[in-house]
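Please load the model in your viewer and keep the selection tool handy. We will take it stop by stop.

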Amino acid sequence: NLKVPFELTADGAYVHTEGTNAPTEESLTLGIVTMIPKNIKKWIRVSDEAIAMGGETLVRYIYDEITYQIVKKLTALVIGDITGASTSASASAVDVPAISMNPALTTVATAFANLSDEATEPVIIMNKLTYASFIAAQAGGSFAFDPFNNLPVLFTSALPAYSAASTGDVYAIVGDLKGAQVNYPEGEGIVLKYDDLSEAEADLVKIVGRQYAAHALTARKMFCNVKKTS
């Protein structure tokens with residue numbers, strides 16, 4: 001397990017003139033996020049005959065498919081950390097601000113304005129169909145104006161499309177990915193096991209993929225959730 005401290009509250013610095021009383025001692029409160037790793041796993045059984053016909057190409061395809069699905073699942077879990085976060089910080093969890101706005105020219109700028117000063121490399125995360133909704137808002141206003149505020153846009157199906165989201169659902173995220181941390185106790189790679197012995201009597205080969213990882217948000221106000229209004 002990994003424990004990551006974060007600044008819960010802190011007062012600012014003071015100007016001290018030489019010869020005067022010492023400035024007020026800092027009042028600093030730290031919170032601690034505990035990251036507990038779990039296995040993300042996917043496996044499949046393939047017949048000996050299928051492997052004999054498909055050969056190395058089939059096995060490589062299965063390896064790639066298992067790896068892709070595990071990475072996709074971990075991505076969705078990190079997205080869930082952001083969308084499920086509270087707007088108030090506690091001693092064991094950071095806070096994520098939220099706004100309720102539909103796709104418009106000022107939506108991204110408003111979300112960006114809610115980030116902390118430490119969010120220096122912000123991006124936008126959304127479903128590709130939501131991207132189309134923002135472009136529609138831009139075209140509807142007949143403005144040569146970038147609704148994404150010149151920020152990079154990353155796409156994921158882990159977020160619902162704006163058109164399919166219900167009132168109050170998070171359909172976009174604006175934030176700095178440094179605020180999310182993933183811990184890999186066994187390294188970042190996917191562990192793949194090829195077992196052609198345990199079910200040999202049934203002419204089956206078992207291919208198992210797993211990744212041991214913990215994920216959490218570790219800095220305050222590094223993200224802002226954008227929710228659909230009524």
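On this tour, a residue is called buried when its relative accessible area is under 20%, exposed when that value is over 50%, and partly exposed in between. The model is a predicted one, so please read every distance and angle as computed from it.

**Stop 1**

Select glutamate 199, which is buried because its relative accessible area is 17%. Lysine 206 is partly exposed, at 21% relative accessibility. Now bring in Arg45: salt bridges with shared partners join Arg45, Glu199 and Lys206 into one network.

**Stop 2: along β10**

Next, colour strand β10, residues 204–217. Arginine 210 sits in this strand, and its partner glutamate 186 is in the loop between β8 (180–183) and β9 (191–195), 24 residues apart from it. Their salt bridge has its closest N and O atoms 3.0 Å apart. Arginine 210 counts as buried at 17% relative accessibility, whereas glutamate 186 is partly exposed at 47%.

Step to glutamine 211, also in β10. Is glutamine 211 buried or exposed? It is buried, with a relative accessible area of 4%. A polar atom of the glutamine 211 side chain lies 2.7 Å from the backbone oxygen of glutamate 188. Show the surroundings of glutamine 211 as well: the residues it touches include Lys38, Ile70, Leu74 and Tyr184.

**Stop 3: the five-stranded sheet**

Now display the open sheet whose strand order is β4-β11-β7-β5-β6, with mixed pairing. β4 (98–100) and β6 (153–155) are the edge strands; each has a single partner strand, so one side of each has no neighbour in the sheet. From one strand to the next, the twist averages 25°.

Zoom in on β7 (residues 170–176) and β11 (residues 223–227), an antiparallel pair joined by five bridges. Within this pair, alanine 172 has valine 226 in β11 as its bridge partner. Helix α1 (residues 48–83) packs on the sheet, touching β5 (122–126), β7 and β11, and its direction makes about 90° with that of β7. Then select helix α3 (residues 128–141), which lies across β5, β6 and β7 and runs at about 105° to β5.

**Stop 4**

Finish with aspartate 95 and arginine 220, whose side chains meet in a salt bridge (2.8 Å, N to O). Aspartate 95 is in the loop between α1 and β4 and arginine 220 in the loop between β10 and β11, so the pair ties together parts 125 residues apart in sequence. Aspartate 95 is buried at 3% relative accessibility, while arginine 220 is partly exposed at 26%.

Methods: Residues are numbered from 1 along each chain as its sequence is written. This is a predicted model: local features need pLDDT of at least 70, side-chain atom pairs count only at pLDDT 80 or more; totals for chains, interfaces and linings use all residues. Side-chain values use heavy atoms; hydrogens and water are left out. Helices (H or I, at least four residues) and strands (E, at least two) are DSSP runs, numbered from the N terminus. Buried means under 20% relative accessible area, exposed over 50%, partly exposed in between (1.4 Å probe, protein chains only). A polar contact is a pair of N or O atoms within 3.5 Å; within protein, one must be able to donate a hydrogen and the other to accept it, and residues adjacent in sequence count only if both atoms are side-chain atoms. Contact means heavy atoms within 4.5 Å. Two strands pair if DSSP finds at least two bridges between them. Axes are lines fitted to C-alpha atoms, for helices over the stretch in contact, and angles run from 0 to 180 degrees between N-to-C directions. A salt bridge is a side-chain nitrogen of Lys or Arg within 4 Å of a carboxyl oxygen of Asp or Glu. Lists of a residue's contacts leave out its neighbours within four places in sequence.
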